[in-house]
Each structure stands twice: as structure tokens, then as C-alpha cells.
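Hi,

Here is the two-chain model I promised to pass on.

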Amino acid sequence: MVDIVLLTFLVILGITIIRLGSLFASVMLTGIFSLVAAGLYVSMDAVDVAFTEAAVGGGIATLLFLSTIALTTSQEKSKEKVSMPALIVVLLTGTFLMFGISDIPKFGDSSAPAHQYLSDRYVYKSPNEIGVPNMVTSVLASYRGYDTMGEVTVIFTAGIAVLMLLGRGRRGRAGRNGSIANSDQSSSVSQREKGTV
Amino acid sequence: MEHHLVLRVVAKLLIPMILIFALYVQFHGDYGPGGGFQAGVIFASALILYSLIFGVENARSVISFNVLRIVSAFGLLLYIGVGIAALISGGNFLDYNVLASDPVSGQHIGILLIELGVGMTVAAVMMMTFFIFARP
């Protein structure tokens with residue numbers, strides 16, 4: 001019941017975000033979207049995922065969107081024309097995704113492939129092997145250590161990419177200002193030379 | 001934001017608590033929900049709150065950009081270093097069993113260290129990204 005209410009909220013929020021013209025309101029609604037999604041994860045007993053969603057989606061992502069708005073503009077450019085090929089591609093992809101959902105095991109299905117032997121292995125052996133009460137941590141950090149290393153690498157690479165794309169622009173502009181100042185100086189020097197001549 | 005007295009007072013009260021909570025999430029991740037990712041994001045959000053209220057320039061004087069760059073790389077290096085330390089001690093890459101005499105305490109040490117590395121990288125990258133976006 002709670003799930004249905006939260007999912008309805010998510011759908012309403014998603015449609016509203018698309019339809020709103022004000023980017024500031026859209027950003028605020030994406031934050032609320034993340035919080036509702038976090039509530040949904042809590043009701044599914046995935047507390048760690050909910051925690052991450054609330055902290056990253058509701059906190060940092062909203063802030064980054066806001067600072068992007070501060071750099072650009074807070075109003076969406078009005079675009080009335082609907083591109084037909086794009087609409088067809090989106091509809092086709094959506095249909096295929098809906099078709100693919102039917103193959104996913106139901107939530108809590110004990111005959112799902114993941115619950116055949118893997119979950120049992122973790123649940124019964126990890127208290128003796130790892131000895132960490134939070135089993136999510138033992139799977140994330142020890143059994144799946146490679147995956148987590150890849151995730152950290154992704155975050156690090158993203159940080160470097162942002163630094164290269166946006167960080168250098170500032171330095172370049174400073175350099176250009178410096179060169180302009182230099183040319184001003186040289187021109188004033190040449191003027192002075194002209195004056196003396 | 002210099003004239004917003006309420007915001008300034010509330011932020012001054014909240015920032016230490018957010019930082020402590022981030023450390024709690026970091027080092028309590030073995031026992032409850034949480035871990036490096038969440039702790040890093042919460043730690044970064046405390047400093048972003050500081051820079052929103054007191055200005056980006058002040059925040060940059062607290063943690064300089066170069067420190068963030070070094071910390072973000074150091075976190076990932078710490079993670080990989082734990083893996084290599086396990087390799088040198090005679091185990092597989094990222095096999096924490098060999099880090100201590102007892103396999104379970106070796107796992108504890110390994111998980112603590114790699115979560116620390118994750119937290120450092122995430123916090124530093126988040127702050128770095130915000131500082132780049134919020135440049136004056």
C-alpha cells in the first residue's frame with residue numbers, strides 16, 4: 001500500500017518535472033523525487049541504498065544543479081515543435097523496456113536466480129568469514145571489492161573530467177586577461193615612445 | 001548572504017554536527033547502514049553549506065583546492081594500496097585475510113581502510129566539483 005502511494009507520487013513528480021518551464025522549480029522537484037525514492041527503498045528494506053539516494057540525489061545533485069543554474073539561466077527555452085523521429089525512438093525503447101520487465105523476477109521471489117545459492121552463501125558464511133554485522137558492507141567492501149574499486153575510480157575520473165573541462169576555462173580566461181593587460185602595457189609603452197618621438 | 005543572521009547562526013550550529021555525523025557514518029558502516037560513499041557526501045555537504053553561507057573564498061581558505069586534488073587521488077591510491085599490500089603479504093589482490101594474523105581481524109582492517117579511501121575520494125571530488133561550479 002505504501003509502495004503504491006510512493007510510486008504514484010514518483011510518477012506525478014516525474015510528469016511535473018517534464019512539464020514545468022521554470023528550471024529552479026524542476027531542480028527542487030528532482031530533490032523531492034530523490035527523497036520519495038529513498039522512502040520507497042526504505043520500505044523495501046534497502047536502507048543503505050536509501051541512505052545513498054537521500055544524500056547524493058537529494059543533497060549533492062540538487063546543489064550541483066542549482067550551481068549550474070546560477071552559471072546559466074533559470075528559464076527553459078520554449079520549444080513547441082515535437083521531433084517525430086525522436087518520439088518514435090523513445091516510444092520504441094519504452095515498449096521494449098516494458099517488454100523486458102516481464103522477465104525480471106518479482107520482488108521477494110524466492111526462486112529468483114540471485115536467491116538460489118548466492119544469498120544463502122553470503123547470509124550463512126559471511127558472519128564467520130568477515131565478522132561484520134552489516135552484511136551489505138561485507139558484500140560491498142570484501143566480496144565485491146573489485147566493483148567498489150571501479151566505482152571509486154569512476155568518481156575520481158568524473159572529478160578529473162570536471163576539473164579539465166571547467167577548471168581550465170577559468171585559468172585560460174585569467175591568462176587571456178593577463179595577455180590583454182600586457183598588450184595594453186605594450187601599447188601604452190609604444191604610445192609613450194611615440195610621444196617622445 | 002552576510003546579512004542573514006538566522007542562516008548564519010543555524011549553519012554554525014549545524015556544521016559541526018554534520019561533520020561528526022559524517023565521521024559516524026564512515027566508521028560505523030560495519031555495524032549499521034552507511035559507509036564511505038555516504039560519509040563522503042555528507043562530509044562534503046557540510047563544507048558546501050559553509051561555503052554557501054560564508055562565501056566560497058572563505059571555504060577555499062579552509063580547504064585549498066590543491067589539498068582537495070591530492071586527497072581525491074590519495075583515497076583511490078589508499079584503496080589500491082590495500083589491494084597491493086594483500087598481494088605482497090601472499091594473498092590475492094584485495095584479499096584482506098592475509099593483512100593480519102587472524103583472517104577476521106584482517107578483514108576488519110581491510111574494510112576500514114578501503115572505506116576510508118572511498119570516503120576521502122568521494123568527499124574531495126564532491127567539494128572540488130562544487131568549487132569549480134561555484135567559481136566567482
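First, the ground rules. Residues are numbered from 1 along each chain as its sequence is written, and chains are lettered from A and ligands numbered from 1 in the order in which they are written. This is a predicted model, so local features need pLDDT of at least 70 and side-chain atom pairs count only at pLDDT 80 or more, while totals for chains, interfaces and linings use all residues.

**The two chains**

Chain A has seven helices and zero strands; helices here are DSSP runs of H or I with at least four residues, strands are runs of E with at least two, and both are numbered from the N terminus. Chain B has five helices and, again, zero strands. Of the 136 residues in chain B, 41% are buried, against 16% of the 197 in chain A. Buried means 20 or more other C-beta atoms within 10 Å of the residue's own, exposed means 12 or fewer, and partly exposed is in between, with C-beta atoms placed from the backbone.

Contacts (C-beta atoms, placed from the backbone, within 7 Å) tell you something about the range of the packing. Taking pairs at least 6 apart in sequence, 62% of those in chain B join residues at least 24 apart; for chain A the figure is 46%. The C-alpha trace of chain B spans about 60 × 30 × 15 Å along its principal axes.

The mean pLDDT of chain A is 82, and 84% of its residues score at least 70; pLDDT is the predictor's confidence in each residue, from 0 to 100.

**The interface**

Where do the chains meet? 37 residues of chain A are in contact with 40 residues of chain B. On the chain A side, H3 (47–71), H6 (135–143) and H7 (145–196) each supply at least two residues, and H7(A) gives the most, with 15. That side divides into 22 nonpolar, 13 polar and two charged residues.

H3(A) deserves a look of its own. There is a kink of about 30° in it, centred on Ala61(A); the bend is the angle between axes fitted to the seven residues ending at a residue and the seven starting there. Buried residues of H3(A) include Phe51(A), Val56(A), Ile60(A) and Leu63(A). The helix's buried residues pack against H2 (23–43) and H6 of chain A, together with H2 (36–54) and H5 (103–133) of chain B.

**The core**

The largest nonpolar core has 55 residues, and Val41(B), Val122(B) and Met126(B) are among those with the most contacts inside it. Such a core is a set of buried Ala, Val, Leu, Ile, Met, Phe, Trp, Tyr and Cys residues joined through C-beta atoms within 7 Å. H5(B) brings the largest share, 13 residues. Leaving aside neighbours within four places in sequence, Val41(B) is in contact with Ala55(A), Val56(A), Gly59(A), Ile60(A), Val122(B) and Met126(B).

Best wishes

Terms used: Contact = placed C-beta atoms within 7 Å. Nonpolar A, V, L, I, M, F, W, Y, C, P; charged D, E, K, R; others polar.
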